[in-house]
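My entries follow in the order I made them.

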Amino acid sequence: MLLWTANFAAVNSFLGKFLFWLSCQGLVLLMQNHFQRSRLYTRIALGKNHMMDVVGGESAGGQGQMYI
């Protein structure tokens, strides 16, 4: 999609907004990763989790499982 050579106003407008949205999504994912890693580090330091534990969430199953 980035190598597409269509020079139309609608395509250029869409690509600009799409790339902005992708950048925002990437930033949110990085912030979420940082939060989860620091939260797990805190729980390990408190002795509530172990080094091999995985941070639970919507995709981890168990209590964090989201039913659709």
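**Overall.** I began with burial: of the 68 residues of the protein, 7% count as buried. I took buried as under 20% relative accessible area, exposed as over 50% and partly exposed as in between, with a 1.4 Å probe and protein chains only. This is a predicted model, where local features need pLDDT of at least 70, side-chain atom pairs count only at pLDDT 80 or more, and totals for chains, interfaces and linings use all residues. Residues are numbered from 1 along each chain as its sequence is written, and side-chain values use heavy atoms, with hydrogens and water left out.

I noted the accessible surface next. The protein comes to about 6400 Å², and 65% of that belongs to carbon and sulfur atoms. These areas come from the Shrake-Rupley method with a 1.4 Å probe; for residues, only the protein chains shown count as cover.

**Helix.** I found 1 helix and 0 strands in the protein. Both are DSSP runs numbered from the N terminus: helices are H or I with at least four residues, strands are E with at least two. Helix α1 covers residues 9-46. I checked its span: α1 has 38 residues and reaches 56 Å from first C-alpha to last, close to the 56 Å expected at 1.5 Å a residue. The expected span is 1.5 Å times one less than the number of residues. The buried residues of α1 are V11, L15 and L40.

**Aromatic rings.** How many aromatic pairs does a search of the whole structure find? I got 2. The rings of F14 and F18 have centres 5.5 Å apart and planes at 15°, so this pair is stacked. My cut-offs: rings of Phe, Tyr and Trp (its six-membered ring) pair if their centres lie within 6.5 Å; planes under 30 degrees apart are stacked, over 60 edge-to-face, the rest tilted. F14 and F18 both sit in α1, 4 residues apart, about one turn of the helix. F14 is partly exposed at 44% relative accessibility, and F18 is partly exposed at 28%.

F18 also pairs with W21: the centres are 6.2 Å apart and the planes at 20°, so that pair is stacked. F18 and W21 are 3 residues apart in α1, about one helical turn. W21 is partly exposed, at 49%.

**Surface patch.** W21 turned up again here. With L19 and L22, W21 forms a nonpolar patch with about 290 Å² of accessible area together. L22 lies in α1 and is partly exposed, at 36%.

**End of the helix.** Which residue takes a positive phi just after α1? I found G47, at about 85°. I then looked at R43, which is in α1 and partly exposed at 29%. Leaving aside neighbours within four places in sequence, R43 is in contact with K48 and N49. Contact means heavy atoms within 4.5 Å.

Technical notes:
Patch = residues over 30% accessible without salt bridge, like charges linked within 9 Å, V, L, I, M, F, W, Y side chains within 5 Å. Salt bridge = Lys/Arg side-chain N within 4 Å of Asp/Glu carboxyl O.
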